[in-house]
Each structure stands twice: as structure tokens, then as C-alpha cells.
Amino acid sequence: MEVHGTGARGARVRRAGATRGVGALTALAALGALAGGGCTLSERAGPGGELLAALGEVRYESPPPTGLTFVDAARANELRAEDPERFAFVEALGTPLLNLRDLPAERYGLDPDRAETTVTVDFAAPFGQWDGDFDAAEIREALAADGFTERETDAGPVWVNHDRGLGLMVEDDRIRWGDEQLDPSRTEAVGEPLAEQEVYRDLASCLGTVYRADFVQAAEGAEVPVYAVGHRAEAADDTSTVLCAVTEDEATAEAALERLREEIEEGQTRYAGAEAAPLEAEGGSPGVRVTVPDRPEQRPGRLLARDTDLTDALRAL
């Protein structure tokens, strides 16, 4: 599974109507729950707490979303400004919408430089939210000029383009996007926040302070039900990736640890300096953790898109 960009398969934002699309919308005001809070993620969270705060905003019924990408856009933009080539993998801030080939130049107001945090949920029918500083009036004007029409919902007006299969809700501090059935008021109070799941709390704790985190939910019954890849940057030239995984039991955790150490040994050049250890989680979930430093010539994001032996080893258990 290619996870880079939460949809770097070249995926388009698809129309709803299929069962999976409707399920995604059930989780959507997952992000709609944000509307009731009146403040952005960064305002709610303390230093390094943005990731856990984001998980607290994503509600779902069952099953959990296939994946989730969180980006501390403010930090990611700082890194891109220092070295745009090295940090190109966060240019779209985890938002597949920005990868559409026929995307207008104005990007519907989704300007990476104006975002503070972004959250993208699901792989098959992605939807998400940007928090930041936007000009809602200007964006709505651009949407109307591009063929979007306004539809009223209990949460406020949603701009819809059926030909493109897109829906956006625009405010000065928040843009929510999804398919044309986007209705943030539908499920604001439905479902359980991911942050209330012990495994997600443990994974967030394992990742620590990151400027990007990708969570991947496996199929039901998998030995590794969910894992996460987090990116850290002490500086633009001092970066590392943290891979954290929760397993079904301690025996599986030990098997995973052995497999990961074998992969690190076989890929000594790619994974030089990597360390694998048991997951030490406050909630006590069994699992593993791998920290992989990057050399200057190794671009962040490689564990998601190129050097996938470690994540492949987890999925093969």
C-alpha cells in the first residue's frame, strides 16, 4: 500500500455513493466535531500535543478509518522554506486534493503557506480539514466562478461541484473538504474519537513531537492491527523517522522485533544507525518501535514511499 501523501497513488478525490464513500462520510464530521470547538488544533494543544489533539477530533463508528495523516503545517512549511527539494514530500501537506491534475491554480484556497495544521482521513475516499488563516470570502468567490454551487447544512453552507465530485466548507480559520455529499453537521456527535482508543494513544505517545504522522489501519484480524510513521526534524539537516506498531500480543511483538532487526541488518546502508526496541507505551500495548536517522542525502518520507522493507515486514506477520 502506498501511503505517501495519504493518496500518492495518484488517487483523485472520488465521488461518494459507494459503500466505502458513505462510510467515510460517517467518519467525516469526525472533522465536523471540530466545528463545535471554536478553536484550532494548535490553540487547543500544548507544545508537541498537536498530534494527540488531532486524534481527539477524529470520530468514527466502525470500523476505524483505513488511515489518517496529520501534518504540523507550520513546521513543515518552515522546513520546506529551508530546503524545498529535501522536504518536497510534505508540499501537499498530506492532502490528495492538491494532487489533482486538473486542479485550478488557486487550489480552492488550499494554500500550504496559510495552513497551520492539516488532517486527512481515509485512503479510498479521502476527506479532511485544514486549520489556518484563510480569506473565506475570496475563496467562496473563486469557487462560485469555478462552477461550485452553495448548499445549506446545519453546520453552514457547503460549496459543491458535482462534476468534480468535491465539496468544501470554507471559514476564515478552517477549510473542510471531501466529496459532494460533504455535510459536517451529519455526524458531529457520532462515534468515538480515535484518541480514546488505547492503541492510538500509545502510538501517538511513541511518535512524540513530529511534523507529520501517518497512521495505517490493517484489515481486521491482522497481527499488526495498526502502525504509524512519524517524521521528526531537529533541523532541516537533522531528521529522523519513527515507526511505531501495536501488535495483538507480546509473542507477535517479539516476532516483529526480530523481523525488523533482520531488515535493519540487511539494509545497513539505508538504515544506518537505526534502532529497534519494544514499544514502551503508557497504556501497555504490546508492540515495537524503530527510529531511523536520515543522512543528509536521504530525503524524509522514504519509509513511506521507497524504503518500505520495514513496514512490509510488519504487514507480512
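A salt bridge here is a side-chain nitrogen of Lys or Arg within 4 Å of a carboxyl oxygen of Asp or Glu. A search of the whole structure turns up 13 salt bridges. The model is a predicted one, so local features need pLDDT of at least 70 and side-chain atom pairs count only at pLDDT 80 or more, while totals for chains, interfaces and linings use all residues. Residues are numbered from 1 along each chain as its sequence is written, and side-chain values use heavy atoms, with hydrogens and water left out.

Take one of these pairs to start with. Asp 131 and Arg 174 meet through their side chains in a salt bridge of 2.9 Å, N to O. The pair ties together distant parts of the chain, with Asp 131 in strand 4 (residues 127–132) and Arg 174 in strand 8 (residues 174–178), 43 residues apart. Helices (H or I, at least four residues) and strands (E, at least two) are DSSP runs, numbered from the N terminus. Both Asp 131 and Arg 174 are buried; buried means under 20% relative accessible area, exposed means over 50%, and partly exposed is in between (1.4 Å probe, protein chains only).

Another salt bridge joins the side chains of Arg 270 and Asp 307, at 3.9 Å from N to O. This pair also links distant parts of the chain: Arg 270 sits in the loop between helix 7 (250–266) and strand 13 (275–278), and Asp 307 in the loop between helix 8 (302–305) and helix 9 (309–315), 37 residues apart. Arg 270 is partly exposed, with a relative accessible area of 28%, whereas Asp 307 is buried at 14%.

Then there is Arg 295, which forms a salt bridge with Glu 297, the closest N and O atoms being 2.6 Å apart. Arg 295 counts as partly exposed because its relative accessibility is 29%, and Glu 297, at 54%, counts as exposed. Elsewhere, salt bridges that share partners join Arg 270, Asp 294, Arg 302, Asp 307 and Asp 309 into one network.

Charge also shows up on the surface. Glu 116, Asp 133, Asp 135, Glu 138, Glu 141 and Asp 172 gather there in a patch of negative charge. Patches are made of residues with over 30% relative accessible area and no salt bridge, with like charges joined within 9 Å and nonpolar side chains (Val, Leu, Ile, Met, Phe, Trp, Tyr) within 5 Å. Glu 141, in helix 5 (residues 136–145), counts as exposed because its relative accessibility is 62%.

Other spots are well covered. His 231 lies in strand 11 (residues 226–235) and is buried, with a relative accessible area of 0%. Its side chain reaches the backbone nitrogen of Gly 301 at 3.3 Å. Helix 3 (residues 50–57) is mostly covered too, with 6 of its 8 residues buried; among them are Leu 51, Ala 54 and Leu 55.

Loops hold a few buried residues as well. Gln 197, in the loop between strand 9 (192–193) and helix 6 (198–207), counts as buried at 18% relative accessibility. Gln 197 and Gly 56 are 141 residues apart in sequence, yet 9.6 Å apart in space, C-alpha to C-alpha. Tyr 108, in the loop between helix 4 (73–82) and strand 3 (115–121), has a positive phi near 55° while being a residue other than glycine, and is buried at 2% relative accessible area. Asp 122, in the loop between strand 3 and strand 4, has a positive phi of about 80° although it is not a glycine; at 1% relative accessibility, Asp 122 counts as buried.

How values were computed. Areas by Shrake-Rupley, 256 points an atom, 1.4 Å probe, with all protein chains shown as cover. Lys, Arg positive; Asp, Glu negative; His and termini not counted. Charge placed at Lys NZ, Arg CZ, Asp CG, Glu CD. Polar contact = N/O pair within 3.5 Å; in protein donor to acceptor, adjacent residues only side chain to side chain.
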